[in-house]
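Please view the sequence and the structure below, and then follow the points topic by topic.

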Amino acid sequence: MGTNEANMDPNLHVEMKDLVNSVDSVNFRREPYPPIEPYSSGFLKVSEIHSLYWEQNGNPDGHPVLFLHGGPGGGTSSGNRRFFDPEFYRIILFDQRGAGKSTPRASLEENTTWDLVNDIEKLRKHLGIEEWQVFGGSWGSTLSLAYTQSHVEHVTGVVLRGIFLLRKKELDWFYEGGLAAIYPDAWESFRDFIPEEERGNFITAYNKRLNSSDAELQNKAAKIWTALEMATSYLLPNEDSLKRGEDDGFSLAFARIENHYFKHKGFFPTDSFLLDNIDKIRHIPTTIVQVRL
């Protein structure tokens with residue numbers, strides 16, 4: 001909700017202007033850090049089915065920070081390492097179940113939010129880390145909150161970008177027509193793939209096709225599902241994102257896993273589960289970044 005400056009408390013107005021001026025005077029870094037390569041990497045077997053790819057970057061003796069990728073199903077990329085100062089941070093990335101380099105790719109078996117929360121703890125112990133900062137955007141912010149609320153004692157701080165709480169109203173806006181007002185072309189391609197009689201619930205309709213025994217139909221549905229997100233994740237078209245979505249392997253994993261989580265409402269017991277448990281983490285230093293990209 002916007003603020004009407006004419007009705008604003010004069011003292012508050014002065015305080016806000018002072019805050020803006022102080023922020024503008026700080027020399028923030030506006031570009032990612034230079035590209036780096038991992039100093040160690042490997043696979044961690046977390047169940048009879050799943051093995052997760054992980055890597056460490058930056059300073060081996062630095063402050064540990066865990067990057068949680070989006071999707072679900074998006075996997076990590078080399079660019080994710082560049083959010084962090086490599087001289088200060090020990091930067092840990094991993095691909096969640098079924099995503100990226102983790103195996104088996106695109107698998108939905110034993111793949112829930114709480115499996116991922118347990119995986120994060122297994123990775124923390126495997127790497128010999130007592131405490132770490134948690135950083136996540138979009139679905140990564142959802143998982144960051146779920147993990148932090150479950151393991152408060154091991155989190156030194158949280159950075160959340162593009163908050164997503166996986167509530168029904170968020171899913172409905174994106175997948176049931178609200179998005180059409182901003183990205184009508186992308187929405188029409190997504191909508192038109194589904195017969196009119198099944199358009200009452202697009203998540204369910206796509207779930208049927210993404211789990212079809214017809215590989216051609218499955219792949220086509222995956223490409224269209226992924227294309228919608230790749231086209232709408234940025235205010236302006238991002239060619240790297242669009243190109244990534246055209247990859248058959250990426251789109252299948254991304255679409256199947258994301259749809260699986262959304263169909264099951266994130267595997268949370270209630271729609272407002274993360275907000276209902278926010279008091280558990282109020283004391284943890286947290287930064288929230290919510291902007292248009």
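Helices, of at least four residues, and strands, of at least two, are DSSP runs numbered from the N terminus. On that basis, the protein chain comes to 10 helices and 7 strands. The model is a predicted one. Of the 293 residues in the protein chain, 46% are buried. Among contacts between residues at least 6 apart in sequence, 69% join residues at least 24 apart.

**The sheet as a whole**

- The 7 strands form an open sheet of mixed pairing, and their order across it is S1-S2-S4-S3-S5-S6-S7.
- The edges are taken by strand S1 (40-45) and strand S7 (286-289); each has a single partner strand, so one side of each is left without a neighbour in the sheet.
- On average, neighbouring strands of this sheet are turned by 20 degrees against each other, direction ignored.

- S1 and S2 form a hairpin, with 5 residues between the two strands.
- The pairing of S1 with S2 is antiparallel and extends over 6 bridges.
- Within this pair, Gly42 has Trp54 in S2 as its bridge partner.
- Strand S2 (residues 51-58) is mostly covered, as 7 of its 8 residues are buried.
- S2 also pairs with S4, again in the antiparallel sense, over 5 bridges.
- Trp54, the bridge partner of Gly42, stands opposite Phe94 in S4.
- Strand S4 (residues 89-94) runs parallel to strand S3 (residues 63-68), and 5 bridges join the two.
- Opposite Pro64 stands Arg90 in S4.

- Which residues of helix H4 (residues 168-175) are buried? They are Leu171, Phe174 and Tyr175.
- In general terms, an α-helix has 3.6 residues a turn, so residues three or four places apart point the same way.
- The cover over the buried residues of H4 includes helix H5 (184-192), helix H6 (202-210), helix H7 (215-232) and helix H9 (248-263).
- After H4 comes Gly177, which has a positive phi, near 125 degrees.

**Packing of H6 against H7**

- The axes of H6 and H7 come within 8 Å and cross at roughly 140 degrees.
- An angle over 145 degrees would count as roughly antiparallel; H6 and H7 are therefore oblique to each other.
- On the H6 side, Ile203, Tyr206, Arg209 and Leu210 take part in the contact.
- On the H7 side, the residues that meet them are Leu217, Gln218, Ala221, Ala222, Ile224 and Trp225.

**Backbone features to note**

- As a general rule, most residues other than glycine have a negative phi, and most peptide bonds are trans.
- Gly71 and Pro72 are joined by a cis peptide bond, with omega about 0 degrees.
- Pro72 belongs to the loop between S3 and S4.
- A cis peptide bond also leads from Thr103 to Pro104, where omega is near -5 degrees.
- Pro104 is located in the loop between S4 and helix H2 (113-126).
- Ser138, a residue other than glycine, has a positive phi, near 60 degrees.
- Ser138 is part of strand S5 (residues 132-138).
- Is Ser138 buried or partly exposed? Its relative accessibility is 28%, so Ser138 counts as partly exposed.
- Phe267 likewise has a positive phi, near 60 degrees, in a residue other than glycine.
- The place of Phe267 is the loop between H9 and helix H10 (273-276).
- Phe267 counts as partly exposed because its relative accessibility is 21%, whereas buried residues are under 20%.

How values were computed
Residues numbered from 1 in each chain as written. Predicted model: local features only at pLDDT ≥ 70, side-chain atom pairs only at ≥ 80, totals over all residues. Heavy atoms only, no water. Pairing = 2+ DSSP bridges. Axes fitted to C-alpha atoms, helices over the stretch in contact; angles between N-to-C directions. Buried < 20%, exposed > 50% of the residue type's maximum accessible area, 1.4 Å probe, protein only. Contact = heavy atoms within 4.5 Å. Parallel < 35°, antiparallel > 145°, perpendicular 65-115°, else oblique.
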